[in-house]
Amino acid sequence: MDGNLYHNRKAQWAAYILIFVLLALVPFIFDNPFTLNQFSRYIIFSLTAVSVSLVWGHGGILSLGQGIAFGMGAYGMGATMQMQFQDPVNDPIPTFMLTNELEKLPLVWEPFWSTPIGLSLAIGVPTLFFFIFGYMMFQARVAGVFVAIMTLAMLAAWYSVVYDMQPFTAGFNGISPPSPFEIFGTQIDPYSSTAYWVCVAFLVILTLGTKFLLHTKFGLIVQAMRDDPERARFLGYNVAYYQTVLFTLSGFIAACAGILWVMVTQYVSPTSMEIMLSISMVIWAAVGGRTSLLGAIIGAFLINLGQSYAGDEFQKHWLIMLGVVFVIVVLFLPKGLTGLFESILGKFSGNNKGAKQKA
Amino acid sequence: MAILELKEVTKTYNDFSVVKGFNLSVSKGELRCLIGPNGAGKTTSLDLITGRQKLTSGTVHFDGKNITKLLEREIAVLGVGRKFQVPAVFKELTVRENFEVSYTERIGPFQNMNPFTKKHSRKHFNEIIELAALGDRLDTVAGLLSHGETQWLEIGMVLMQKPRLLLLDEPTSGMTEQETEKTSEIFKELKGEHTLVVVEHDMSFVRSIADVISVMHQGNMLAEGALSEIEQHPKVKEVYLGTEGIN
């Protein structure tokens with residue numbers, strides 16, 4: 001057996017548990033609501049990085065369109081929260097629609113009167129969209145950089161749609177639901193530790209679920225397809241089907257992140273579908289280490305923490321710095337920070353064989 | 001009874017026929033060698049059988065079933081395994097994982113999400129490890145194997161599929177003499193239970209394994225028969241073997 005502690009399954013699970021426990025303890029360390037809200041946002045970004053690690057790091061599908069699912073989830077949640085505030089009798093139409101001269105609630109908004117239906121749509125629609133979009137791409141054997149181009153183009157298209165459909169989406173201004181999200185009769189204050197823990201719970205469940213899935217044969221097969229889809233096809237696997245399932249799962253995770261985002265910010269605008277955000281998700285995963293879910297989480301956390309606390313001097317040049325970091329990672333650390341960690345652990349256990357190739 | 005039957009198979013690119021009117025019939029349990037000069041259409045024929053390329057005309061039957069229009073994966077599931085000319089293995093996975101992926105009893109994504117499906121392959125797995133002599137390399141990443149080991153890994157992977165028909169494209173290229181010898185022993189063990197079609201250039205290897213040899217030339221069958229008949233065939237000598245024959 002390989003002596004490197006990094007490859008030890010038990011050690012891996014222990015590292016995940018340790019990080020999750022530390023994250024769950026954050027509210028006991030900072031009781032400043034603003035800081036806590038910041039941390040909630042990092043957790044949500046980590047979740048998007050997990051979706052990228054799943055689809056790109058493990059499946060070899062470079063999706064620059066994770067923002068589609070994130071944004072759809074966010075708009076679904078925004079609509080649900082907005083309708084929680086509206087009154088069916090006295091005030092059935094959101095203000096932004098009135099200013100856009102809509103006289104009755106559009107049909108697509110009707111289902112959001114109900115919170116359970118609204119939430120189901122917020123998760124279900126992006127997941128279904130990723131299934132259909134993925135099926136079309138992978139059935140046609142689109143691969144490599146062409147997947148990146150197609151997902152990016154689709155993201156840009158959706159951005160224009162939400163931007164232009166002002167009466168339905170409030171366009172550039174976005175929707176800001178006046179009151180926090182309410183579920184089971186209680187409001188979740190975006191600045192509370194409850195909101196934070198909801199985010200952590202989502203991160204823990206979705207990450208561990210994904211890790212568990214990657215340890216099944218399904219996980220092994222998708223990684224094999226990342227290496228050589230042609231080989232997998234000649235073994236009898238339906239590569240397009242596997243890739244579609246993987247892509248759909250990543251869309252599901254990104255949609256969950258979108259929902260949490262609006263819970264924590266009480267605001268949704270076309271920025272959730274901006275190209276920069278989706279590319280950032282890929283950079284977070286790349287810097288942390290795309291072949292490790294935990295690496296992606298750490299990458300998202302560190303970069304966002306850096307961005308918030310690097311100080312005003314750095315703030316101006318933040319994008320340039322991020323670009324430099326990304327280039328360094330691509331050139332010298334193809335497996336990101338976790339890859340670095342892996343080789344260090346490998347040196348200590350005196351067995352570096354295969355450390356560069358294998359997670 | 002013929003397990004593989006090609007009838008009037010033709011593949012044309014623009015106006016150029018790579019394979020034209022090719023007929024081939026391989027019976028169950030046979031080990032057939034397919035030889036011929038470069039560009040004779042050997043690899044293309046394998047591509048046409050496995051669905052990698054589509055026929056311009058003609059038919060391919062496997063075990064009585066017409067597989068001419070099926071997809072690669074459908075043909076693979078029916079029991080046709082293929083080893084490629086340039087060894088194709090999953091380079092970032094370990095040898096063990098390569099074998100696990102190649103065990104294709106369950107083919108769908110949701111069946112394979114069951115955490116207990118991995119264990120079913122154990123017995124078959126051990127047999128193949130022994131055959132491929134990769135027992136001490138199981139935890140090595142496949143990208144780090146030597147060329148000969150990679151060839152055996154791919155042969156082992158194809159066997160993990162439990163195919164009834166194996167199509168092997170230059171299985172001994174890049175192997176040392178000892179490795180080639182070992183490979184010919186493996187193949188002799190396999191024939192009978194499996195049917196093998198081997199494309200090969202190494203004539204001493206062909207000599208040691210072949211029952212029947214088919215010689216291709218310019219997309220068509222030039223000659224077919226036992227080793228001695230092929231050696232004496234004047235046209236084969238001219239286009240392929242050279243005047244000295246097989247040595």
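Which residues have the most contacts inside the largest nonpolar core? They are A:Ala49, A:Ile221, A:Ile253, A:Ala255, A:Cys256, A:Ile259 and A:Trp284, in a core of 160 residues. Helix α11 (residues 239-265) of chain A gives the most to this core, with 19 residues. A nonpolar core is here a set of buried Ala, Val, Leu, Ile, Met, Phe, Trp, Tyr and Cys residues joined through C-beta atoms within 7 Å. A residue counts as buried if 20 or more other C-beta atoms lie within 10 Å of its own, as exposed if 12 or fewer do, and as partly exposed in between, with C-beta atoms placed from the backbone. Not counting residues up to four places away in sequence, A:Ala49 touches A:Met281, A:Trp284, A:Ala285, A:Gly288, A:Ala296, A:Ile297, A:Gly299 and A:Ala300. Contact requires the C-beta atoms of two residues, placed from the backbone, to lie within 7 Å.

The model is predicted: local features need pLDDT of at least 70 and side-chain atom pairs count only at pLDDT 80 or more, whereas totals for chains, interfaces and linings use all residues. Residues are numbered from 1 along each chain as its sequence is written, while chains are lettered from A and ligands numbered from 1 in the order in which they are written.

**The two chains**

| Property | Chain A | Chain B |
|---|---|---|
| Secondary structure | 16 helices, two strands | nine helices, 10 strands |
| C-alpha extent along principal axes | about 70 × 50 × 40 Å | roughly 60 × 40 × 35 Å |
| Buried residues | 47% of 359 residues | 45% of 247 residues |

Helices (H or I, at least four residues) and strands (E, at least two) are DSSP runs, numbered from the N terminus. The radius of gyration of chain A is 21 Å, which agrees with the value near 21 Å for a compact globule of 359 residues. For chain B, with 247 residues, the radius is 18 Å, in agreement with the value near 18 Å for such a globule. The radius is taken over C-alpha atoms, and the globule rule is 2.2 Å times the number of residues to the power 0.38. Among contacts in chain A between residues at least 6 apart in sequence, 79% join residues at least 24 apart. In chain B, residues 24 or more positions apart account for 65% of the contacts with a separation of 6 or more.

**Contact between the chains**

The contact takes 26 residues from chain A and 31 residues from chain B. On the side of chain B that touches chain A, the elements giving two or more residues are α2 (72-78) and α3 (95-102) of chain B. The residues of that side divide into 12 nonpolar, 10 polar and nine charged. In this division, Ala, Val, Leu, Ile, Met, Phe, Trp, Tyr, Cys and Pro count as nonpolar, Asp, Glu, Lys and Arg as charged, and the others, Gly among them, as polar.

Seven of the eight residues of α3(B) are buried, so this helix is largely enclosed by the rest of the structure. The buried residues are B:Val95, B:Glu97, B:Asn98, B:Phe99, B:Glu100, B:Val101 and B:Ser102. Their cover includes α9 (217-227) of chain A together with α4 (122-132) and α5 of chain B. B:Arg96 also lies in helix α3 of chain B but is partly exposed, with 16 other C-beta atoms within 10 Å. Leaving aside neighbours within four places in sequence, B:Arg96 is in contact with B:Leu138 and B:Asp139. The C-alpha atoms of B:Arg96 and B:Arg137, 41 residues apart along the chain, are separated by 8.3 Å.

**Strand pairing in chain B**

Strands pair if DSSP finds at least two bridges between them. Strand β1 (residues 2-13) of chain B runs antiparallel to strand β4 (residues 57-62) of chain B, joined by five bridges. In this pairing, B:Glu5 stands opposite B:His61 in β4(B). β4(B) also pairs in the antiparallel sense with strand β5 (residues 65-66) of chain B, over two bridges, and B:His61 stands opposite B:Asn66 in β5(B). The hairpin of β4(B) and β5(B) has two residues between the strands, and B:Asp63 takes a positive phi near 55° there.

**Positive phi in loops**

A:Arg141, although not a glycine, has a positive phi of about 60°. This residue is in the loop between α5 (115-139) and α6 (145-164) of chain A and is partly exposed, with 13 other C-beta atoms within 10 Å. B:Lys162, also not a glycine, has a positive phi of about 55°. B:Lys162 is placed in the loop between α5 (147-160) and β7 (165-169) of chain B and is partly exposed, with 15 other C-beta atoms within 10 Å.
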